[in-house]
Amino acid sequence: MRHMAEPLLDRARRASRRFRANGDARAHYVICGHDALAYWVVKALLATELPTARMRITLVVPERRRTDSPDGRDIEGVEVIRADRLDEVTFRRAGLVGADGLALLHQDDVGNMHAALCAQEVEPGLRLVVRMFNTGLANGVRQIFPDSAVLSDASMAAPAFVAAALGEIAPTHFRHGGRTLYVARRDDVRGQAVVCGVADTGDPQEVRVLPADERAADVVLAEATGAPPGTEVAARRLRRARRRRRPVMMLVRAVRSFATRKIGIAVLVLLAVIVLLGGLYAGTAHVGWGEALYLTLVTTLSGQDPDGTKPVGEQVLQVVLNLAGLALIPLITAVVVDGIVNARLALHSGKILPERSGHVVVVGLGNIGMRVMAQLNDFGVEVVAIDKNPEARGAGLARRLGVPLVVGDAATEETLRAASVGTCQALVVVSTDDGANLRAALTARALNDEVQVVLRLFDGHFAERIQRAFGIGVSRSVSYLAAPSFAAALLDRAVIATISVGRHALLVTDVSVAAGSALDGRPLAAVGRVGSIRLLAHARSGQRYDWDPDRRLVIVAGDRLTVVARRAGLNALLREAGPPEPPPPAPAGTPIPREAEE
């Protein structure tokens, strides 16, 4: 118990030190980043409270923008510190002394680790939230900094991309109150296993989360009972629907790429000349077409049968055919050599692949792409990967998993055809270039207008516009999906799970009711709000959770409420469940009432 209380005591000391230093009693959070994740984390923090009254945010960004996406430096009400190095000097400029939390959001695991060590020199025991991809380093950070949270936006977002590619909702699993819960489609679970309705996705353009009528929700939160969750069901359907590979088509495509176009044209022209000369030879020698063909080929390829007694016309044609033969043999040799070289290069780059159907194509093998590829492979779904770089981060994993890798620009038809996009089930485009992602998606849609396109875009607003303008099924921002969890970790809130439905992020959270709060003494029915908050379970202090509580039950201090809520709804609930704010201090010189003196 003493160990658990130490972080709280540290925060109280920091708050006291901050108030003594500058007289500012607001909670202070420092964010370090230079991409869309920093932008969305700042936006999430600003949405949690009344910023001007309760929270102060300092954003540390490089001197110059490093990406085209917003990084938060233009958000009103945020103090911006420009610095290219995250060291003790920068952190002191940012007011880290006495701060309540620090978020390190750069895409550099080692750099974030170094920055965390520098921050510890400035403010020991600081609440730390670190963005990190390498799990080995993540475990080291947790050991060095007890009051820390190490999160990976790639790990958070990858399941949402996988589910979207399979036409399912994100596979979210969590255990709470003695139950294992997961998100699934209502049709994939038994009615008795449904805990609550999550969203109505009947209209993809207008997904309704936490609808008033739970029976209208086709996406539900269910208790695990041994049946496979929705995404595994979808993967099984996809495996059954996928047709067998067609080796004949593979042979045709290999022959088509056997030689270069120029050599092929030269061979065709020379053969046409030989055929024409063969026809003239047949007419001159007065023989049939079959015999003329035989004599032409023998003369062309061997140059034999010189005969001085032949008529002059035949002798001339024989000489011309011998000359054509001299050109034909080197061309045949060139075709064979060029074809072998091209075939080996094509096999190495993945351009000669068997024709596929019902598979999923993943474009971009960075942090997100390699996780999406691995999870689809784990589900038994056939995957083809595309990347410009043959040594991309996920290329080695693709080779180990036996996933074919096409090396090339995904925005070109040649590359997409090599991956059989025309017959694939879905295309997941997750490279780090918004423009390249959009071009690849539009090119793929031109080849296959029925393909399910899952598009990664860093800018969330741009993603929404693209989805409406081009009719692309799903456009997602990794940063937008992950930001609520980073913000909740920075605020040290007990976020149990994050549920992604379309472009909506719902948080499953356990909320404690404080004495004298707005909820103290009100019925449980006052907790839920249509489209914003839904009560899952209730527990008295020291007792087990009741998953089907009587909504007329009166809430008392110490109760715990498990809810699934949108970010704004959760913030409102936290304010209602928190302790009442102390009255502002009386101005100097105000007389003290007699009752207070007594």
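Among contacts in the protein between residues at least 6 apart in sequence, what percentage join residues at least 24 apart? The share is 67%, where a contact means heavy atoms within 4.5 Å.

The structure is a predicted model, in which local features need pLDDT of at least 70 and side-chain atom pairs count only at pLDDT 80 or more, while totals for chains, interfaces and linings use all residues. Residues are numbered from 1 along each chain as its sequence is written, and side-chain values use heavy atoms, with hydrogens and water left out.

The protein contains 20 helices and 21 strands, taken as DSSP runs (helices H or I, at least four residues; strands E, at least two) and numbered from the N terminus. Of its 598 residues, 50% count as buried, that is, under 20% relative accessible area, with exposed meaning over 50% and partly exposed lying in between (1.4 Å probe, protein chains only).

In soluble globular proteins, nonpolar side chains tend to be buried together. Here the largest nonpolar core has 36 residues, and those with the most contacts inside it are Phe 161, Val 372, Leu 376 and Val 428; such a core is a set of buried Ala, Val, Leu, Ile, Met, Phe, Trp, Tyr and Cys residues joined through side-chain atoms within 4.5 Å.

A second, separate core of 31 residues includes Ile 57, Ala 149, Ala 483 and Leu 490.

An open sheet of 5 strands runs in the order β7-β8-β11-β9-β10 with antiparallel pairing, where two strands pair if DSSP finds at least two bridges between them. Because β7 (173–176) and β10 (208–209) stand at the edges with a single partner strand each, one side of each is left without a neighbour in the sheet. Strands β8 (residues 179–185) and β11 (residues 219–223) are joined in the antiparallel sense over 5 bridges, and Tyr 182 has Ala 222 of β11 as its bridge partner.

Thr 443 lies in helix α16 (residues 434–447) and is buried, with a relative accessible area of 15%. Not counting residues up to four places away in sequence, Thr 443 touches Ala 411, Thr 412, Glu 413 and Leu 416, and its side chain reaches the backbone oxygen of Ala 411 at 3.1 Å.

Methods
A polar contact is a pair of N or O atoms within 3.5 Å; within protein, one must be able to donate a hydrogen and the other to accept it, and residues adjacent in sequence count only if both atoms are side-chain atoms.
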